[in-house]
Amino acid sequence: MSARTGRLRGLCLRHVSSTRQTSPIQRRFLNQFISRVQQNDQPALEQRQFRLAVKDNIATVSPNPEKETPLTTTCGSNFLTNYRSPFEATIVTQLRSRGALLVGKTNLDEFGMGSHSVHTAFGAVAREGEQEQQTVKHSAGGSSGGSAVAVATGEADIALGTDTGGSVRLPAAYTGVVGFKPSYGMLSRHGVVPYANSLDTVGLLAKEVRPIAGLILGGGDKAARGLWAEHDSLDPTSLSPAARRRCASQRDCYTGPLAKDPYPIKNLKFGLPLEYNITELSPSIRHAWSAAAAKLQSLGARLVPVSLPSTRHALSAYYVIAPAEASSNLAKYDGIRYGTRFTSPTESDAAVSEDSKGQKEEEEGILYARARAAGFGDEVKRRILLGAYTLSSAAMDNYFLKAQKVRRLVRRDFNRVFALPNPLLDKPETFELSELPETVGLEDKWGPTEVDFLLCPTAPTTAPRLDEVLSDEEKDPVSAYMNDVFTVPASLAGLPAISVPMRVEDNEGTGMAGLQLIGQYWDDARLLAVAETVAGAVREEL
């Protein structure tokens with residue numbers, strides 16, 4: 001066998017095509033789904049079964065290859081257009097064992113990099129609505145926009161997404177569904193194509209809080225074990241069984257499923273972060289936030305202003321740390337060792353440029369530049385360049401190391417305002433009162449009031465129109481980064497957070513936004529219980 005034949009065979013093994021797989025041209029007309037299980041492959045739902053949509057950066061396999069259409073895992077990228085994973089993500093396997101029936105793989109920003117699900121090789125995701133009796137397309141948020149739309153339209157009961165800096169909560173806010181990001185290390189990341197390893201978290205989306213809580217906490221019978229107790233030895237970031245038991249022993253609501261009655265919020269303390277009342281916050285969002293806080297106060301909850309001084313630096317730190325990790329994770333996509341090759345076996349993989357006479361010539365020393373140029377989209381290239389620069393010897397001290405210091409300060413701010421201690425620390429942290437802003441009042445001589453949860457908007461605005469998003473992306477590609485300002489801090493600290501729908505009134509009429517609740521590390525169970533109560537109260541009020 002010749003060397004050329006051997007190379008072709010290797011490529012076919014990695015990127016085998018199937019006549020049953022929808023072609024890339026056809027798939028560009030799909031919106032929330034990149035690929036779907038054919039209807040004749042999908043059995044009828046039985047008791048305790050539910051329809052599951054999976055974000056297309058989470059690996060799946062077909063349990064019945066002869067009967068069920070094999071689906072690709074594309075990450076929304078040309079590099080992985082026909083890639084089929086040889087193994088399945090742990091979280092998908094766990095959900096299948098709990099009754100999940102896969103309905104399809106959802107669209108996303110390429111490799112999870114984006115805030116509006118427009119940076120995808122398969123067409124932008126949109127949320128359709130009516131305005132003045134005309135159909136208008138709005139942003140579905142990102143990067144898990146496809147998963148959020150699949151839930152909002154009723155095509156899936158539960159959807160999996162990944163949340164690196166808000167990629168589950170932001171789409172949930174824009175589409176009017178519930179989006180939950182658990183504590184870092186609770187759900188397995190094995191089988192998730194990484195964007196930023198220290199930030200990536202598998203999240204869940206549904207129309208209500210209870211279905212998500214049922215999966216996280218488990219059902220009433222012993223067979224339905226909660227996902228919180230599931231350690232995965234294949235994921236090095238998965239908390240050990242001993243650590244899970246120790247953390248759960250210091251928290252409430254881990255003893256079983258959610259109670260049928262709403263969780264009482266009387267005397268619970270909700271913190272209102274002063275730093276979240278930013279200039280860019282839409283007046284309609286500010287009004288809805290205030291109305292929600294007033295409703296909770298009328299139910300007996302205490303609303304307390306709190307200060308998170310490092311929050312103003314969190315977004316900048318995130319967009320240093322995340323691209324830095326992404327530049328390393330995406331280095332393997334070269335079209336030779338991994339990913340689609342965009343040249344024939346007889347062509348060179350080197351970059352091609354034109355000389356002064358217009359003649360094309362190969363550039364020396366850049367072996368796979370052509371493959372990466374063709375395979376990656378503009379946003380991915382932008383973040384790779386940014387990450388590579390911040391990790392360079394000339395910039396690491398000024399950017400990457402300082403961003404890591406800011407991350408520790410963000411985590412420390414959260415630990416200071418929460419009444420519960422962080423179970424990952426050997427001993428509680430101590431804080432100097434002189435570090436607090438003058439605007440923060442003291443409850444007693446020991447310091448300010450400590451709270452149970454933080455209450456804030458999920459995003460500073462309602463979902464923008466899709467045409468405006470695409471126009472802004474051309475003028476200022478980094479303008480969308482501001483959408484993550486309220487979601488990034490919890491991601492940097494690895495804390496659980498959930499977005500529940502709240503209705504707002506703006507110039508375009510009645511719209512949907514997200515109300516975010518943030519809890520201390522591993523307080524996921526109580527957070528879900530309180531979120532269900534808050535969601536019901538906000539729904540009644542608005």
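1. A residue is called buried here when its relative accessible area is under 20%. By that cut-off, 55% of the 542 residues of the protein count as buried. Please keep in mind as you read that this is a predicted model.

2. Now to charged pairs. Side chains of opposite charge can pair when their charged atoms come close. The count for this model is 16 salt bridges. One of them joins the side chains of glutamate 155 and arginine 36, with 3.1 Å from N to O. This pair links distant parts of the chain, 119 residues apart: glutamate 155 is in the loop between helix H4 (145–152) and strand E6 (158–163), and arginine 36 belongs to strand E1 (residues 33–36). Arginine 36 has a relative accessibility of 36%, so it counts as partly exposed.

3. A second salt bridge brings together the side chains of arginine 98 and glutamate 230, at 3.0 Å from N to O. Arginine 98 sits in the loop between helix H3 (90–96) and strand E3 (100–106), while glutamate 230 sits in the loop between helix H6 (209–217) and helix H7 (241–249), so the bridge ties together parts 132 residues apart in sequence. Arginine 98 counts as buried because its relative accessibility is 18%. Glutamate 230 is buried as well, with a relative accessible area of 18%.

4. For a pair within one helix, turn to helix H11 (residues 378–390). The side chains of arginine 382 and glutamate 379 form a salt bridge there, at 2.3 Å from N to O. The two are three residues apart in H11, which means that about one helical turn separates them. Arginine 382 is partly exposed, at 28% relative accessible area, whereas glutamate 379 is buried, at 2%. A network of salt bridges links Glu379, Arg382 and Arg383.

5. The buried residues of H8 include Trp289, Lys295 and Leu296. Just after H8, glycine 300 takes a positive phi of about 105°.

6. Next, an open space. The second largest pocket holds about 440 Å³. Its lining is made of 23 residues, and those nearest its centre are Thr175, Gly176, Val177, Pro501 and Met512. Strand E4 (126–131), H4, strand E14 (497–506) and helix H15 (524–541) each give at least two residues to this lining. By class, the lining of the second largest pocket has twelve nonpolar, five polar and six charged residues.

7. The model has three cavities of 30 Å³ or more. The largest cavity has a volume of about 60 Å³. It is lined by 13 residues, with Gly114, Ser167, Tyr318, Tyr319 and Asp484 the closest to its centre. The lining of the largest cavity divides into three nonpolar, eight polar and two charged residues.

Notes:
Residues are numbered from 1 along each chain as its sequence is written. This is a predicted model: local features need pLDDT of at least 70, side-chain atom pairs count only at pLDDT 80 or more; totals for chains, interfaces and linings use all residues. Side-chain values use heavy atoms; hydrogens and water are left out. A salt bridge is a side-chain nitrogen of Lys or Arg within 4 Å of a carboxyl oxygen of Asp or Glu. Helices (H or I, at least four residues) and strands (E, at least two) are DSSP runs, numbered from the N terminus. Buried means under 20% relative accessible area, exposed over 50%, partly exposed in between (1.4 Å probe, protein chains only). On a 1 Å grid over the protein atoms alone, a cavity is a set of points where a 1.4 Å probe fits but cannot get out, and a pocket is an open set with protein on both sides within 12 Å along at least five of seven lines; lining residues have an atom within 4 Å of a point. Grid points are joined across faces, edges and corners, and a volume is the space filled by probe spheres set on the points. Ala, Val, Leu, Ile, Met, Phe, Trp, Tyr, Cys and Pro count as nonpolar, Asp, Glu, Lys and Arg as charged, and the others, Gly among them, as polar.
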